[in-house]
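Subject: Structure handover

Hello,

Here is the structure for you to look over. My notes follow below it.

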Amino acid sequence: MRIVTALGGNALLRRGQPLTAENQRANVRLACEQLARIMPDHEVVIAHGNGPQVGLLALQGAAYEEVEPYPLDVLGAQTEGMIGYVIEQELGNLLPAEASFATILTQVEVDADDPAFKHATKPIGPVYTREQADRMAADKGWAIAPDGDMFRRVVASPRPQRVFEIRPIKWLLEKGSVVICAGGGGIPTVYDDNGQLRGVEAVIDKDYCAALLAEQVDADLLLIATDVDGVYVNWGQPDQKVVAEAAPDALDPDEFAAGSMGPKVGAACRYAARTGGTAVIGSLADIEAIVAGHAGTRVSTQYIGVRYR
């Protein structure tokens, strides 16, 4: 099968962990150990988050006051290269020497009139206490939002419209390469009034971009990896239960947390509805069972309603 895998931020950095290179590499190594288990038999495209990393670069850039901070699209490009490099290296240490890898800096078109530009929702950077968050908001003019029992900076998250590098991504897949692309949801770009392409100050949701990517490369499966074994209804309550299978019109993304599971559900439903293919939300630890059809929350037009397990 041709599989597009979207690695959540937890695959690169655990919640509350210091944003050190060593921590990120150790987490990437664990993710790659799971991904490598399906690579001998399938074509694999890897997309990934970059929220903590792009936020860290923004903080580091702000500390150097001799120049204006670099915009988020440029920071996004930097994180694509950094994370792709580490993923390539860790996979290369696990797979046969003849395995090939390629990281593609991926520009993604968004709509300049997307209402998301008026309402920041995408969390980036580290977590803060309420006191720290209030201070950052006052000092830097950031929008701040709750993230669990902590707080994070939030920025605009417009929906992806087109992946510009789709042709070289397909060429590489056809030559047997593992492709790492659309990192952090891709580099957000728009056409200006003069028809020139330029970056914009935003971070695209990586799950929605992975769904678009899977559609455009004709994937057989979209795997949205997270740190739980599926989508839970009434999460954290005594009556919580996990969704085993669902039709795309039977799940409402707005009923799930906007900063975490909501976009995953929305992306899975969008991909399944638009392509007739299958999207699965689940844990990387279950990757072989997911690919075999036995684990995760599966979303497809072949199902009716919702079935729980």
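Where is the place of Asp 41? Asp 41 sits in the loop between helix H1 (21-35) and strand E2 (43-48). Helices (H or I, at least four residues) and strands (E, at least two) are DSSP runs, numbered from the N terminus.

Before the rest, the basis. This is a predicted model: local features need pLDDT of at least 70, side-chain atom pairs count only at pLDDT 80 or more, and totals for chains, interfaces and linings use all residues. Residues are numbered from 1 along each chain as its sequence is written, and side-chain values use heavy atoms, with hydrogens and water left out.

Back to Asp 41. Asp 41 counts as exposed, at 61% relative accessibility. Buried means under 20% relative accessible area, exposed over 50%, and partly exposed in between (1.4 Å probe, protein chains only).

H1 packs on H3 at an angle of about 55°, and their axes are 9 Å apart. That makes H1 oblique to H3. Axes are lines fitted to C-alpha atoms, for helices over the stretch in contact, and angles run from 0 to 180 degrees between N-to-C directions. Angles under 35 degrees count as roughly parallel, over 145 as roughly antiparallel, 65 to 115 as roughly perpendicular, and the rest as oblique.

The crossing of H1 past H3 is right-handed. A crossing is right-handed if the near helix is turned clockwise from the far one by less than a right angle, and left-handed if anticlockwise. H1 brings Gln 24, Arg 25, Val 28, Arg 29, Cys 32 and Leu 35. H3 answers with Met 82, Tyr 85, Val 86, Ile 87, Gln 89, Glu 90 and Leu 91. Contact means heavy atoms within 4.5 Å. By class, this H1 to H3 contact has eight nonpolar, two polar and three charged residues. Ala, Val, Leu, Ile, Met, Phe, Trp, Tyr, Cys and Pro count as nonpolar, Asp, Glu, Lys and Arg as charged, and the others, Gly among them, as polar.

H2 (residues 51-63) also packs on H3 (residues 72-92), at about 120° with axes 9 Å apart. H2 and H3 are therefore oblique to each other. Their crossing is right-handed. On the H2 side, Gln 53, Val 54, Leu 57 and Ala 58 make the contact. On the H3 side it is Leu 72, Leu 75, Gly 76, Gln 78, Thr 79, Met 82 and Ile 83. Seven of these residues are nonpolar, four polar and none charged.

**H6 and H7**

How do the axes of H6 (residues 206-216) and H7 (residues 261-275) cross, and at what angle? They come within 8 Å and cross at roughly 15°. H6 and H7 are therefore roughly parallel to each other. H6 passes H7 in a right-handed crossing. From H6, Lys 206, Asp 207, Tyr 208, Ala 211, Ala 214 and Glu 215 take part. From H7, the partners are Pro 263, Lys 264, Gly 266, Ala 267, Arg 270, Tyr 271, Arg 274 and Thr 275. The classes are six nonpolar, two polar and six charged.

H6 is mostly covered, with nine of its 11 residues buried. Lys 206, Asp 207 and Tyr 208 are among them. At the start of H6, a side-chain oxygen of Asp 205 comes within 2.9 Å of the backbone nitrogen of Asp 207. Just after H6, Asp 218 has a positive phi of about 60°.

**Strand and loop residues**

Lys 122 is in strand E5 (residues 122-128) and counts as buried, at 16% relative accessibility.

Ala 182 has a positive phi, near 50°. Ala 182 lies in the loop between E9 (178-180) and E10 (187-191) and is buried, at 0% relative accessible area.

Asn 234 also has a positive phi, about 60°. Its loop runs between E13 (231-233) and E14 (241-246). Asn 234 is partly exposed, at 37%.

Gly 277 falls in the loop between H7 and E15 (278-283) and is buried, at 15% relative accessibility. Beyond four places in sequence, Gly 277 contacts Tyr 271, Ala 272, Val 299 and Ser 300.

Best wishes

Methods: Polar contact = N/O pair within 3.5 Å; in protein donor to acceptor, adjacent residues only side chain to side chain.
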